[in-house]
Amino acid sequence: MAASRLELNLVRLLSRCEAMAAEKRDPDEWRLEKYVGALEDMLQALKVHASKPASEVINEYSWKVDFLKGMLQAEKLTSSSEKALANQFLAPGRVPTTARERVPATKTVHLQSRARYTSEMRSELLGTDSAEPEMDVRKR
């Protein structure tokens with residue numbers, strides 16, 4: 001069965017949100033949060049649409065939207081250890097969004113955010129800040 005216009009728009013916006021989530025963003029960036037809200041609305045509309053896709057496809061879309069929502073909530077936490085812990089509980093999607101992807105973009109975003117939070121936690125624990133070089137450390 002051919003995909004409806006609503007499903008095509010949902011897939012397009014979902015892949016754009018995954019791409020935005022993979023990029024390094026400014027903390028004041030508001031677009032991704034609004035786009036995820038629009039994804040939720042589109043997903044609800046798709047669930048009651050007359051020509052809705054199979055339930056497995058809808059479940060996969062729901063997983064990806066929930067992952068993006070959880071990732072946005074994790075970014076709002078204060079400490080890097082809380083962010084890393086929240087990131088561990090996020091479940092990325094299992095199926096690629098578009099046919100061009102080999103690995104699901106949500107899995108890539110999950111791994112990138114895990115690495116970023118681990119790096120932040122390491123610098124927080126060791127007291128190092130990448131902005132200021134350490135002059136008093138002797139190198140051998």
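**Conventions**

I count Ala, Val, Leu, Ile, Met, Phe, Trp, Tyr, Cys and Pro as nonpolar, Asp, Glu, Lys and Arg as charged, and the others, Gly among them, as polar. The model is predicted, so I take local features only at pLDDT of at least 70 and side-chain atom pairs only at pLDDT 80 or more, while totals for chains, interfaces and linings use all residues. Residues are numbered from 1 along each chain as its sequence is written, and side-chain values use heavy atoms, with hydrogens and water left out.

**Entry: confidence and fold**

I looked up pLDDT, the predictor's confidence in each residue, from 0 to 100. The protein chain averages 81, and 82% of the residues score at least 70. I then listed helices (H or I, at least four residues) and strands (E, at least two), which are DSSP runs numbered from the N terminus. I found 5 helices and 0 strands.

**Entry: largest pocket**

I searched a 1 Å grid over the protein atoms alone; a pocket is an open set of points where a 1.4 Å probe fits, with protein on both sides within 12 Å along at least five of seven lines, and lining residues have an atom within 4 Å of a point. Grid points are joined across faces, edges and corners, and a volume is the space filled by probe spheres set on the points. The largest pocket has a volume of about 420 Å³. Its lining comprises 15 residues, with Arg25, Asp26, Pro27, Glu75 and Lys83 nearest the centre. I sorted the lining into 11 charged, 4 nonpolar and no polar residues. H2, helix H3 (55-75) and helix H5 (105-126) each supply at least two lining residues; the largest share, 3 residues, comes from H5.

**Entry: helix H3**

I next looked up burial (buried is under 20% relative accessible area, exposed over 50%, partly exposed in between; 1.4 Å probe, protein chains only). Of the 140 residues of the chain, 32% count as buried. Buried residues of H3 include Ile58, Tyr61, Val65, Leu68 and Leu72. Their cover, by contact (heavy atoms within 4.5 Å), includes helix H1 (5-22), H2, H4 and H5.

**Entry: Arg16**

Arg16 lies in helix H1. I record Arg16 as partly exposed because its relative accessibility is 42%. The C-alpha atoms of Arg16 and Leu32 are separated by 9.2 Å, with the two residues 16 apart along the chain.
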